[in-house]
Amino acid sequence: MTIQQIEIYNTLTRKKEKFVPINPPFVGMYVCGPTLYSDVHIGNCRTFISFDLIYRYLVHAGYKVRYVRNITDVGHLEDEVAGAGEDRIGKQARLKKLEPMEIIQRYAFGFREVMSILNILPPSIEPTASGHIPEQIEMTQKIMEKGFAYEKDGNIYFDVEKFSKTNNYGILSGRNIEDQLDNTRTLDGQEEKKGRLDFALWKKAKPEHIMRWNSPWGIGFPGWHIECSAMSQKYLGETFDIHGGGMDLIPTHHTNEIAQSVGCCGVVPVRYWVHTNMLTLNGQKMSRSLGNVFLPVELFTGMKLAADSPTATPSQAKLEGKHPLFEKAYSPMCVRFFILQTHYRSTLDFSNEALQASEKGFERLMNAVNTLEKLKPSEKSSADIKSLHAKCYAAMNDDFNSPILLAHLFDGVKIINSIHAGTAIVSKEDLTLLKKTFRDFVFDVLGLKEEKETSNNDELANNLMNLVLEIRNEAKSKKDFSTSDKIRDGLAKAKISIKDSKEGTTWEIEN
RNA sequence: GGUCGGGUGGCCGAGCGGCUAGGCAGAGCUCUGCAAAAGCUCCUACAGCGGUUCAAAUCCGCUCCCGACCUCCA
């Protein structure tokens, strides 16, 4: 396998660049993972699906990827402004009388289950912030030694204005620091910080704050951005290839990550910054603060999570009633397909209509994948399979353009169906390539998988269906169509659909 | 208010100077006892107004709408 030449859109330069890893064929990729103070919503899932696509393609393209995706579990401040000094995880722990780590464990379990259901591959390393407190303290110390941070009553703040005198603080967001400082918006509780853009590296814990660790500056907990800098550096080095996350992280989280790393080590931490766009609902970003989020389990079932459900983990959630947003349940692979039909840098608006279109499209694609296995080769080909194969790579090489890839695969679907219908032919060699193309791209790269219950593994069902279909075919051959239609209608009521073809009758269970 | 990104056919979504994706829906035809599936054909759009160019959905300017970020958020 030759390594593909990939172009990646780099937020740093605002254009597509040739992807050249620091130490080929090795690639270091860090993606900001979930903050486990609540359940992941489907908007979060979009980001993880996008990076799963990128990870899968890099691996498929021949790279040896170390993919690090963190879990933030130290409890970021919920309401520093009002002086509450209580983190979200700690707050829930008190209210529900649970240990903080008990809550983390539950959300982590649910998160991993949802990832698995969506066929998102686990990263190479999934480090937790709470497991890397010493690294974060050490990094904070280094930043202080370099003079880019100051202490104030047990809190350590990063000095953005000082940093910006020798560095371009807004290099990622494209904002200049004067504009940001001039921002008329006023925030309360800023008196501790020297500058309004300064951010905490370490926070002193109030007595009621449950998640706490010892540090050179007293009992406290790490700031909101330091864990990603510390953990990426630990596992990928001071400078690594790709750093990703949702684009809402650009102006603050990632901007501060760069400042921390540069402030600590004097080198830029990341070569390619990759950002995914948001999932919207009626044109509005799905977010917790807007309250327009829905959960994967609700989408997969079309049901509403019960108010007293102890968890939103799909396998354990308690559901009640139809979800007002969904006309029906949408399967995980339908959702994945829906997301992959849009480029990762575009916003994607959720709607029943769009989801149902994806459902049909996904089914058509998977039917063709199955048909492909039954095709017989001919002497030569009437379609250009090599070109199709090349176009699939070209699409992915162009900034992981999955919608274009799918468009090409659907061209392939037409070819497959035409061959099956006898209006096109393929050579043996081309058929092998066509099969490889579909297997590689549909399963390995796009990460789609068959969801239909393959009836073959249920001997009882198979035997029964064979008998029923045999009776129906006998009736048909006697032109006893009322009997044959009665069988078909009866099966349809039992959610079993059948299709007559030249090779015989096939059946499947509708989802 | 500042910064950034958008407005594409009935819907979803690519493209980002010439070759006018793809999916879904709709119409007709073929196949079929009828369905379903599949094949063929049709429906040909780029917010508005100017400009640059032999050529613009694609570049430039203005206008109108929408969104994101500036405060935790994928």
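The side chains of K386 and E429 form a salt bridge, with 3.9 Å from N to O. The term means a side-chain nitrogen of Lys or Arg within 4 Å of a carboxyl oxygen of Asp or Glu. K386 sits in helix α12 and E429 in helix α14 (residues 428-445), so this pair ties together parts that are 43 residues apart in sequence. Helices (H or I, at least four residues) and strands (E, at least two) are DSSP runs, numbered from the N terminus.

Before going on, a word on the model: it is predicted, with pLDDT of at least 70 needed for local features and 80 or more for side-chain atom pairs, while totals for chains, interfaces and linings use all residues. Residues are numbered from 1 along each chain as its sequence is written, chains are lettered from A and ligands numbered from 1 in the order in which they are written, and side-chain values use heavy atoms, leaving out hydrogens and water.

How many salt bridges does the structure hold? There are 19, and three of them are set out here:

| Pair | N to O distance |
|---|---|
| K386 and E429 | 3.9 Å |
| R345 and D399 | 2.7 Å |
| R336 and D52 | 2.8 Å |

How exposed are the partners? Here, buried means under 20% relative accessible area, exposed over 50%, and partly exposed in between (1.4 Å probe, protein chains only). K386 is partly exposed at 45%, whereas E429 is exposed at 56%.

Now to the pair of R345 and D399, whose side chains meet at 2.7 Å, N to O. R345 belongs to the loop between α10 and β15 (348-350), and D399 to the loop between α12 (385-397) and α13 (402-421), so the bridge ties together parts 54 residues apart in sequence. R345 is partly exposed, at 28% relative accessibility, but D399 is buried, at 0%.

R336 and D52 come next, joined by a salt bridge of 2.8 Å, N to O. This pair links distant parts of the chain, 284 residues apart: R336 is in helix α10 (residues 332-340) and D52 in helix α1 (residues 42-60). Both residues, R336 and D52, are buried.

The peptide bond from P24 to P25 is cis, with omega near 5°, and P25 lies in the loop between β2 (15-18) and β3 (26-31). D153, a residue other than glycine, has a positive phi near 55°. The loop between β5 (149-152) and β6 (155-158) holds D153, which is exposed at 53% relative accessible area. K495 is not a glycine either, yet its phi is positive, about 65°; K495 is in the loop between α16 (481-493) and β16 (496-501).
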